Amino acid sequence: MQTASILIEIGRYYLMAGGVVAVLFLAIGIDRVEPSSRGSYVFRPLLVPGICLIWPLVLYRWIRLEKHGEDAR
Amino acid sequence: MSVQYMPVIWNRNKIVYDAVLLIAVALYLYVYIRVGPAFEDVTRPIDGAILRMRAFGSCAFLMLTVILCIGPLARLDRRFLPLLYNRRHFGVMTAVIAAVHANYVLGWYFNFSPTDQYVALLSSNTNYGQILGFPFEAFGIAALLILLVLAATSHDFWLSFLGAPIWKALHMFIYAAYACVVLHVALGALQGPGDPIFTALVAASVVLVSGLHFVTGRMEAKRDRGEQTAQASLQEQGWVIAGDLDEIDDTCAKVVTLSDDERVAIFKYDGKLSAITNACAHQNGPLGEGKVLWGCITCPWHGYQYNLADGRAPAPFTEKISTYRLKLVGSTILLDPNALPPGTHVNPIEFGGDS
């Protein structure tokens with residue numbers, strides 16, 4: 001029971017952190033690293049579940065694209 | 001890329017695809033839930049919630065089976081290609097159906113638990129050391145999480161943002177999800193009272209998915225061997241490997257050095273490949289640095305133009321340059337290093353794409 005509770009808590013905090021990353025990325029990052037998204041806003045809410053689920057990867061790619069630009073693709 | 005992202009891109013074909021898919025799913029669920037009970041064992045009646053749970057669970061399993069069969073089928077027979085074009089909608093729908101199945105499980109087995117539903121789900125059975133009575137729910141949770149990640153990252157944005165290698169690697173987890181689903185079913189539903197139809201269906205799915213992948217794997221290995229043989233044979237005749245098709249950007253060239261004073265420019269344009277000498281007939285300008293327009297290359301130094309198929313300047317000009325023969329084996333470009341007399345027509349190699 002305790003292990004299950006800990007796992008669920010970890011999952012909850014993971015998704016909450018994902019929510020914070022989603023807000024930051026969609027407000028600041030996406031326009032900086034993804035030229036095709038500039039001026040396009042309707043599709044952005046669709047990205048929230050994905051960012052919440054794989055936010056460490058999103059942060060990694062965000063940093064890579066900021067540092068190396070199009071060469072990182 | 002300058003095209004702006006949209007939430008979902010639909011065209012007529014995709015709408016038909018999605019409509020057929022929705023109708024098929026609705027029909028399956030309707031038949032399972034409404035007609036299925038007429039065939040059940042009256043001594044073991046099934047509750048409505050369990051029936052719906054099984055209907056959605058088995059539907060997701062069958063959908064996943066079909067998704068995994070589409071790729072190899074399309075490689076075996078091009079007539080299956082239309083199924084491939086909108087597979088991502090198929091995948092998203094599968095994740096939704098699987099999530100509904102999980103929701104029914106939570107709502108039926110853990111709704112009145114004094115503890116949190118999710119905690120109860122994870123802690124109700126922790127016998128991970130045994131096969132009979134193994135907590136098969138864990139495999140279902142793993143599969144659902146993978147399906148949700150894949151569905152959530154199916155938009156074009158993710159392919160561009162993550163880059164093709166990472167995106168493809170991530171989406172290869174579909175196979176892990178399928179393995180988890182098979183284990184989830186084998187250690188769960190199949191451990192209950194014998195149901196020959198469902199057991200046969202699961203076995204058929206595993207045989208079909210593995211069989212199709214095995215057959216296409218062998219076919220591709222055979223084709224690769226054939227390509228290697230063809231390549232080796234051409235090399236024996238003196239042809240040289242000039243590189244891979246993907247190395248050349250569209251309307252641009254790759255310059256291959258044959259000797260100190262002989263360079264060949266291989267151009268990719270309009271889904272075709274042509275090779276000419278890299279030296280312009282005017283002042284030896286580097287033709288390989290020019291760009292293709294209307295099947296002609298313009299020398300970046302003084303603007304002299306040549307038709308790529310025959311190395312001749314468009315009329316009324318009369319300049320001619322050497323052309324070369326090319327062959328495409330798989331995606332490898334092979335070049336005959338013997339220059340043809342200036343102005344010799346060589347049919348461009350068509351590779352069937354304009355990328």
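**View 1. Helix α2(B) at the second largest pocket of this predicted model.** α2(B) gives the most to the pocket lining, with seven residues.

**View 2. The centre of the second largest pocket.** The lining counts 28 residues. Nearest the centre lie B:Ile67, B:Leu84, B:Arg87, B:Trp167 and B:His171. The pocket has a volume of about 830 Å³. Sorted by class, its lining has 16 nonpolar, seven polar and five charged residues.

**View 3. The contact between chain A and chain B.** Chain A brings 31 residues to the contact, and chain B brings 26 residues. Together the two chains bury about 2300 Å². Carbon and sulfur atoms account for 76% of that area.

**View 4. A salt bridge between the chains.** A:Arg12 pairs with B:Asp116 in a salt bridge. Their closest N and O atoms are 4.0 Å apart. The count of salt bridges between chain A and chain B is one. Six residue pairs are in polar contact across this interface, with both residues at pLDDT 80 or more.

**View 5. The side of chain A that touches chain B.** Three helices of chain A each supply at least two residues here: α1 (2-33), α2 (44-53) and α3 (55-68). α1(A) gives the most, with eight residues. By class, this side of chain A has 20 nonpolar, six polar and five charged residues.

Key. Residues numbered from 1 in each chain as written. Chains lettered and ligands numbered in written order. Predicted model: local features only at pLDDT ≥ 70, side-chain atom pairs only at ≥ 80, totals over all residues. Heavy atoms only, no water. Contact = heavy atoms within 4.5 Å. Buried area = accessible area lost by both parts, 1.4 Å probe. Salt bridge = Lys/Arg side-chain N within 4 Å of Asp/Glu carboxyl O. Polar contact = N/O pair within 3.5 Å; in protein donor to acceptor, adjacent residues only side chain to side chain. Helix = DSSP H or I, 4+ residues; strand = E, 2+ residues; numbered from the N terminus. Nonpolar A, V, L, I, M, F, W, Y, C, P; charged D, E, K, R; others polar. 1 Å grid on protein atoms, 1.4 Å probe; cavity = no way out; pocket = protein on both sides within 12 Å on 5 of 7 lines; lining within 4 Å. Points joined across faces, edges and corners; volume = space filled by probe spheres on them.
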